Amino acid sequence: MRTRKPTALVTAALALTLVAGCTGSDDDADGTVTLEFLSLAWQKESVDANKALVKQWNDTHSTVKVTYVQGSWDNIHDQLLTSFEGGEAPDIFHDDASDLTDFANGGYLADLTPYLPKSLRADIPQASWNTTTYDDKTYGVPFLQEPRVLIANTKLLKQSGVRIPTAQHPWTWAEFEKASKRLTKNPGTTTNDDKPHTYGVAWSMKEPVSQSVNLSLSTGGKIFYKDADGKNEIRYDAADSAVAQLINRQVNQDHTAPKTGLGMSGSDTLPGFFAGRYAMLPLNFSYRQQVKQQAPKGFDWTVLPMPSGEGGTAQGTAPQTLSVSEDSNHKQEATDFIAFLTQAQHQVELARGDWLLPTSTKALKDPSLTTTAYGWKTGADIATSLRPSPVLGVRGYAEWKDKIATPAYQEYYNGAFGVDELRKRLAQDGNRILDRYQR
């Protein structure tokens, strides 16, 4: 999910817009249907692309018109919930897959299964559809996705002599640990010393949960499972904890990753990366845009795939989605607009505007997304390894994340306790929360 946040006043205004401004579809006297489309695009290129596509639709459709409404990622769940309960939800809205579980259970989302064209169904892989499908009902069209990648300092990589991984031949997690050691130089020195001082990697763990869960797929873990009765349960065995234990080793034992990084967001690590303080950064794919815009002149960087384990290069993702409100009076027309917006070429435009990947198989083959420039090809190559995040469809996940997992992971990565205590908190304490949602 994109994380640029508007000011409190702007957020309040947007909330009022959603409550008072989004009144859903309307039929004009001449029979023209007008649909409201709430978009969360926020970058200029992305907003421009969305508005241009809305205009293209309106110019080519005489009986169904679409009104563009600008929303914000900030507090979108609460804002949408208010509009749903007030009966004033937009016909079509932009969100991400992790937000759909509660809305689907609340009866606020239309099942798109009867309305989706076969061509769209076929163009988007089933793994992506699985992120928005519960109980054989499809509650959204997944159209933009974002893997986690390693953004690395090319000069330091070459100097270290490590093998440069590719999507076809990635590092194993063991190779990644060895490479991090070779890239680490005098990590205990300060910026006032004459000696070079570089950490092999900086793990930004201000929000540690989603990446800890999603990367567990690469080591054959999952963390969220189904028990014999089909209920959600949390387990935290060796495969589930392998990546977390590696991060803990790098920070507290090998000192190939700085402890200061644990309190940072991804953006916070970029100045140290540009200064040569960190050789590699595990970041979401869209951070490439910030690197391109902020890197000093002459700074050479590259994009590498995340390491692989028993689960290969699999990692979890929660794609951005387009959904239709259950209260909309024109579900077929709303879905037709979504199908238009998510055509392969249109997905290319939207993906480039946000520096993300499309879900469309055809779109991923577009030359502009397979170029080696800025790591686009690396992203396109690993797109087939993306799987639904294990947290999707899990009721109680948000409470578990906020009350249990976030503080537990933060303390564990800081070395406050070992993996046994982490397991107790995540699984034993966490399952009590999940059980309350499944009675």
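Contact here means heavy atoms within 4.5 Å. With that in hand, take F176. Leaving out residues up to four places away in sequence, F176 touches L150, W171, V201, W203, L246, Q250, M280 and P307.

Some ground rules. This is a predicted model, where local features need pLDDT of at least 70 and side-chain atom pairs count only at pLDDT 80 or more, while totals for chains, interfaces and linings use all residues. Numbering starts from 1 along each chain as its sequence is written, and side-chain values use heavy atoms, without hydrogens or water.

Now the cores. A nonpolar core is a set of buried Ala, Val, Leu, Ile, Met, Phe, Trp, Tyr and Cys residues joined through side-chain atoms within 4.5 Å. Buried is under 20% relative accessible area, with a 1.4 Å probe and protein chains only. The largest has 48 residues, and F176 is among those with the most contacts inside it, as are W203 and Y409. Which helix gives the most to this core? α17, with eight residues. Helices and strands are DSSP runs: H or I, at least four residues; E, at least two; numbered from the N terminus. Apart from this core lies another, of 33 residues, including W57 and W129.

Next, β13, residues 301–305. Four of its five residues are buried, so the strand is largely enclosed by the rest of the structure. β8 and β13 run antiparallel, joined by five bridges; pairing takes at least two DSSP bridges. N153 has W301 of β13 as its bridge partner.

α2 (44–60) contacts α13 (331–341). From α2 come N50, L53, V54, Q56 and W57; from α13, D336, F337, F340 and L341.

Conventions. Buried means under 20% relative accessible area, exposed over 50%, partly exposed in between (1.4 Å probe, protein chains only). Axes are lines fitted to C-alpha atoms, for helices over the stretch in contact, and angles run from 0 to 180 degrees between N-to-C directions.
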